[in-house]
Structure formats: structure tokens, C-alpha cells
Amino acid sequence: MLWVGETANKYGSAVTGLALPLIAVSTLHASTLQVALLGAAGWLPWLLIGLPAGVWVDRLRCRPIMLVSTAASLLLYATVPLAALAGALTLWHLLAVALLAGAAGVFFQTAYTAYLPQLLDPADQSEGNAKLHGSASAAGIAGLGSGGLIAQLAGPVNGLLANTATFLLSLWCTVRIGHREPVRSERPRRALRQEIGEGLRLLASDVWFRTFALFGAASNLVLTGYQSLLVVFLIREVGVSEGTVGLLIAVASTGGILGAAVARRIAARLGTSRAMLLLELVLPALTVLIPLTGRGAGLAWYLVGGFGASCGVVAGNVIKATFQQRYCPPELLGRLSASSAVLNFGSIPLGALLAGVLGTQLGVRPAMWLMTVGVPLAALILWCSPMRRVRDLPAERRAPVGDSAVLPPVAMRTAPGGAAGAAGKDRKDGVTGTAGKTGVVGKTGVVGKGRVVGRGRGAGEVAAAGGGVCALDAG
């Protein structure tokens, strides 16, 4: 049920992630900066409510939070076609929808990250995560392709109608999940600030959590920067049609499916740490080819660059997310996810705003050059960390943080993700990833939430207007 619901969610999020900037560009004739602001609005809630959301998820049951978040997103996106039908749709309306749906996504993504390990035994988590991420990437591709076609045939506003059906399916599937969580009454509740501090101390004191969080923040800054300009770049600079935009992004996003499929095999052969360096440092560097995109055969530059970014980000999310799920104490997973997401996803609106300013002042193509060159530079954070000196990411936490009752010296024991059979998770969704990417996406890709594909680029995965499915998920 979770698999089917998440796949439907990712399809609708991909349609939304393409439809919102298309509505802004084609229907409301928004400027480059306004389109960038729309992309930033979807991720701003991570900066505003990300930390307390992690505490609330650790205090409450995850499934009801996911249900309420999905229902809220459904209602919010449904207001856009209704407002357009009444002739009252404005850019401010789109910004409000992106902001409030982003807030719902904060709670969904954080709860999803803490809920998934409850449904799968540790030995099954890597396979389950990889399947979730692979199907999310496929759904994102279908959503991007059909979203562009819908926008060309029926108008961008009607593209959001697909989201209503997919959110209804996701809501129904989540209701049908048979697992019921126990009420979390055994842990005494303390001051909100104190519990937030525990998550932040865990993030700051552990070199692995700290490295992934800093890398995610830097990567999402530049990934979202070029992704927030992508629709404007392809339509106004390259001169392609709305339907072609969706098709191009969908084809480039197939890299996410390949990344999810091969991540565990690469990690088993090379080691999880070495695989992360290969996947996150080498493949996403192909994004520097994207500003070379032109008409005709010149479109291949975007396809190669987008494919490499999607493949590398999603595969890296698969490895990182399962490691983080197992390495983190379960009672702190919500707070760790939220603390990481504040850095990972909090940099996304900054990247969108920076790209919008650069695109306005220097032009869209020069801004794309600056943003894409930053992708391989951000990956140097991993190269400068202990990751390049070991074959595998560690199998257990050794140093307690804060209260020993909260963080035991050895929180969990497991085989290194991806090495002796335990690698990879599906979210970077955001954190498709947060990025997640999935979440990642949401690390989940290109234009859209989080998500990748997802997630980022999560998203659910990482889907915000103009944002990228390639976003790195918080875990």
C-alpha cells in the first residue's frame, strides 16, 4: 500500500512541479525572478518549521501525520484550477499554494522517513527502498512527460487536475496500510527547545551525519538554482514548446531509474563509501553541459547533463538513506531527519532566489553556467571528508550524544549499507534523498518537487514549483 500510494504521489508531484512554473510563465506571464520565487516558496517551510516538525513526528504516530498532510496538499492544489475557472488566479495565489503545500510536505517527508523502517525488517530495507525510489523515478518520468503533453493540449492549469486523482489514491492507500503504530507514551516529553537541541547535537557531533548534511545543503543550493531556471531556459532561451519541455525532462529523468537499479550493486562491489564518491562526484558533474543546450541536435547537451545528474543523485540517495536509517537511533530518527532537512532543503529557496537574481541581472544562460558549475564543486565536501579514506560507511554509532538514556553508546548494529547485502534506500524523496530526493526526491531530478525525482530530489518527495526532482533528501 505504501509503494502504490507513493508511486501515485510521485506522479502527481511531477505533474505539479512542471505545471506550476508553466502556469506562471505561460498563463500569468511571470518574470524570471517571479518564477524563481515560486520555486523558493515550496521549500521555505523547511527553514520555518522543519525543526519543530521533527520533534512532533518523534512524539506522535507517523501514519496520521501522513494522512493529514496528503489531504491538505490535495485541497490546496485543487484551488488552482478552481480559481482559474473563476478568473481569479494570480501569482500570489500560486505562491500561497506552493508555500502551504510545502509546509504539508515538511510533515509528510519527516513522518515518512521515520515510518518506513517500521514496515520493513532491516534485511529488507535496502531492497524496499530501492524499489520505492525506482518506481518513484518512473512515476516522475510519466508525470513530467504527460504533464507537458497536458499543458500543450489542454493548458497548464488543467495539468493540476491529475494531482487531485493521484492524491486521492495516495490517501486511500495510506488508509489501507494494515500496520498500526503503538502510542508513543513511554518517552517523557520535555521542552520543545530541549528536544530540538538533541537532534541538532546529534547532527553536529557525528562526522557522517555532519558531512551528509553539509553536502546536501551545498548541492541542493546549486541543483535547485539551475532547476528553478530550467523551464524559463528551455522555453525562452532554447525556444522549445511546452510539450517538448516535459518530454525532455522526462527523458533526462530516466537516469533516476538506472541509478536506483544499480546503486546496491555498485555499493556491494566498490564499498558504500567509495560508491558514494563515484556517484555523487562524477556523474552529477555532467550538469556543466546543460548551458550548452541549443535547438535540434543541441538538445542532447541537456539530455546528457540531466541524465547524469538524475542517475548520480538517486543512486547516492539509495545508499545514504538506508545507512542513515540504520545508523541513527530510532527514537531520534524524526529529529535527525528534520535537522538534516533544515540544512538540505532549507538551502533550496536560497538557491532558487539566487538563480532568479542572477538570471535577472546577468541573463538566464550565464546564470545556468554559474549554477551548474557549482554542482561538482559542492561534491568536494565528500572528497574532503573521511569518506575517501574508508571503503564502507560505518555499521554502528560509537559516540553517544547528550543524554545517554536517549543515545546509547551503540545504537544499532547492521551490515554496512550496500556492502554485505544492506545498501541503499530510496529517499534522499526528500530525502528523495533532504533530499531525499527522496525522498528525496526526494532527491529525488529536474523540475518538480523534491523531491529526486525528488526528490531531491522529496519529497512527499521533493516537489516544489520549479524545484528539482534531483534534490538531495535529508534521509
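**Cores and a nonpolar patch**

The protein chain has 17 helices and two strands, taken as DSSP runs (H or I of at least four residues for helices, E of at least two for strands) and numbered from the N terminus. This is a predicted model: local features need pLDDT of at least 70, side-chain atom pairs count only at pLDDT 80 or more, and totals for chains, interfaces and linings use all residues. Residues are numbered from 1 along each chain as its sequence is written, and side-chain values use heavy atoms, with hydrogens and water left out.

The largest nonpolar core has 55 residues. Such a core is a set of buried Ala, Val, Leu, Ile, Met, Phe, Trp, Tyr and Cys residues joined through side-chain atoms within 4.5 Å. Leu94, Leu234 and Met368 have the most contacts inside it. Another core, of 29 residues, lies apart from it; Ala263, Leu332, Leu336 and Met387 are among its members.

Leu292, Trp301, Trp369, Val373, Leu377, Leu380 and Trp383 make a nonpolar surface patch of about 650 Å². The largest share, three residues, comes from α16. Leu292 sits in the loop between α12 (272–282) and α13 (299–327). Leu292 is partly exposed, at 38% relative accessible area.

Definitions and conventions
Buried < 20%, exposed > 50% of the residue type's maximum accessible area, 1.4 Å probe, protein only. Patch = residues over 30% accessible without salt bridge, like charges linked within 9 Å, V, L, I, M, F, W, Y side chains within 5 Å. Areas by Shrake-Rupley, 256 points an atom, 1.4 Å probe, with all protein chains shown as cover. Salt bridge = Lys/Arg side-chain N within 4 Å of Asp/Glu carboxyl O.
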